[in-house]
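Here is a short report on one protein model. Please look over the sequence and the structure before reading on.

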Amino acid sequence: MPTINENFLKLEKNYLFINIAKKVNAFLKENPDAKLIRMGIGDVTLPIAPVCVEAMKKGAEEMGVKETFKGYEDSGTGYDFLKQAIADYYQRYGVTLSLDEIRVNDGAKSDCGNIVDIFGDDNIVMVTDPAYPVYVDSNKMNGRTIIYADSNEENGFAAMPDFSVHADLIYLCSPNNPTGSVYTKEQLKVWVDYAKQNQAIIIYDAAYEAFITQPDIPHSIFEVEGAKTCAIEMCSLSKTAGFTGMRCGYTVIPNELTVTASDGTTVSISQLWGRRQGSKFNGVSYPVQCAAAAVFTEEGRKQIQKNIAYYQENAAIISRTMDELGIKYTGGINSPYIWFQCPNQMSSWEFFDEMLHKIAVVGTPGEGFGKNGDGWFRLTAFGDRDLTIEAMERFKNMLKK
Ligand code: PLP
């Protein structure tokens with residue numbers, strides 16, 4: 001009989017969204033006529049841009065012709081045409097990348113979760129609290145020690161390092177899911193200094209960089225001097241271009257990033273990850289990479305920006321509601337998430353139930369992202385405009401009563 005990885009038994013029994021789905025299903029069973037508005041799961045709702053559809057069609061047609069058919073991609077790290085488009089995009093922010101520092105993947109979640117394979121189980125992992133659950137779960141699966149950097153009201157839900165505490169791996173996410181907060185360049189510099197002092201590596205999740213509106217907020221950690229020797233960056237087209245169902249993202253591992261193995265040899269993180277991926281990953285489909293490259297064209301940028309602007313206006317509608325009601329919140333400006341304090345000192349699950357049962361609006365209880373999320377709540381701006389307006393009307397009515 002095989003033994004199992006018993007660390008899996010220590011994971012939270014119910015993943016946050018499964019819990020939510022259960023409650024929503026029970027509510028709908030009791031109230032089949034309720035006009036439910038979903039503002040919980042962070043999935044996009046607008047279709048992908050026409051340039052991407054066209055590029056994907058063209059890619060699919062090429063696959064049906066002997067001369068242009070493609071089997072396995074040689075490197076498995078993405079076609080040069082897409083990596084070049086990504087490198088050019090980084091150049092806008094003053095970051096120069098060589099193509100071998102970019103690896104195309106099937107979305108950021110896979111790499112966020114799998115990157116732990118190349119690090120020892122004895123690493124101390126620092127995660128901000130609250131955080132995107134993948135960072136915690138993927139490390140718990142390997143039994144690693146996790147310590148938390150508190151994101152809370154005092155620091156605007158942008159945790160900063162405590163230099164008296166040591167960590168080996170650090171997860172940062174900006175713009176943040178769930179809190180919508182962002183790090184300034186100065187704040188990121190402090191994290192880079194902390195990583196260097198601890199010879200640690202920052203795993204930087206930039207999945208929401210396309211939502212940044214303030215010009216001085218960094219889109220990439222590599223905008224910070226020195227970050228190339230201590231950071232890996234993960235990004236995704238899921239939210240940028242509506243690719244949640246297409247599946248395409250990319251990870252940047254600078255060639256300068258190395259660690260020292262126990263025998264004293266210098267090991268390249270990029271090579272180690274390349275070795276891992278070479279054994280376990282065969283690349284992203286050609287038509288999807290064609291569609292992804294279209295995102296970075298001039299017309300692609302224009303078309304995706306239209307969708308982002310739509311979500312940003314939804315975020316503004318939600319933010320204005322919070323302002324009107326005098327509710328404290330973060331996010332909304334550089335992020336599709338609004339993270340607000342539950343009224344009347346309710347716990348986040350109490351407020352979830354209240355919203356579901358009184359106004360049939362589904363959000364995400366902050367507690368599901370970590371202990372500092374208790375008493376806080378996340379709404380997403382990825383919904384339909386009219387439904388967002390309707391939800392906010394119901395929300396105001398509920399709280400004004
Ligand atoms: N990182 C963060 C912070 C996210 O919120 C998500 C998705 O919601 C992802 C990564 C993963 O996105 P994907 O796997 O679709 O690229």
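Five bridges join strand 12 (residues 337–341) to strand 15 (residues 376–380), and the two run antiparallel. Trp 339 has Arg 378 of strand 15 as its bridge partner. This is a predicted model: local features need pLDDT of at least 70, side-chain atom pairs count only at pLDDT 80 or more, and totals for chains, interfaces and linings use all residues. Residues are numbered from 1 along each chain as its sequence is written, and side-chain values use heavy atoms, with hydrogens and water left out.

Helices (H or I, at least four residues) and strands (E, at least two) are DSSP runs, numbered from the N terminus. Two strands pair if DSSP finds at least two bridges between them.

**The sheet and its helices**

**Salt bridges**

The whole structure holds 18 salt bridges. Each is a side-chain nitrogen of Lys or Arg within 4 Å of a carboxyl oxygen of Asp or Glu.

| Pair | Closest N to O |
|---|---|
| Asp 150 and Lys 371 | 3.1 Å |
| Lys 189 and Asp 193 | 2.8 Å |

Asp 150 lies in strand 4 (residues 145–150) and Lys 371 in the loop between strand 14 and strand 15, so the pair ties together parts 221 residues apart in sequence. Lys 371 is exposed, at 57% relative accessibility. Asp 150 is partly exposed, at 36%. Buried means under 20% relative accessible area, exposed over 50%, partly exposed in between (1.4 Å probe, protein chains only).

Lys 189 and Asp 193 both lie in helix 6 (residues 185–197), four residues apart. Glu 393 and Lys 396 are three residues apart in helix 11 (residues 385–400). Lys 396 is buried, at 12%, whereas Glu 393 is partly exposed, at 39%. Glu 324, Glu 393, Lys 396 and Lys 400 are linked in a network of salt bridges.
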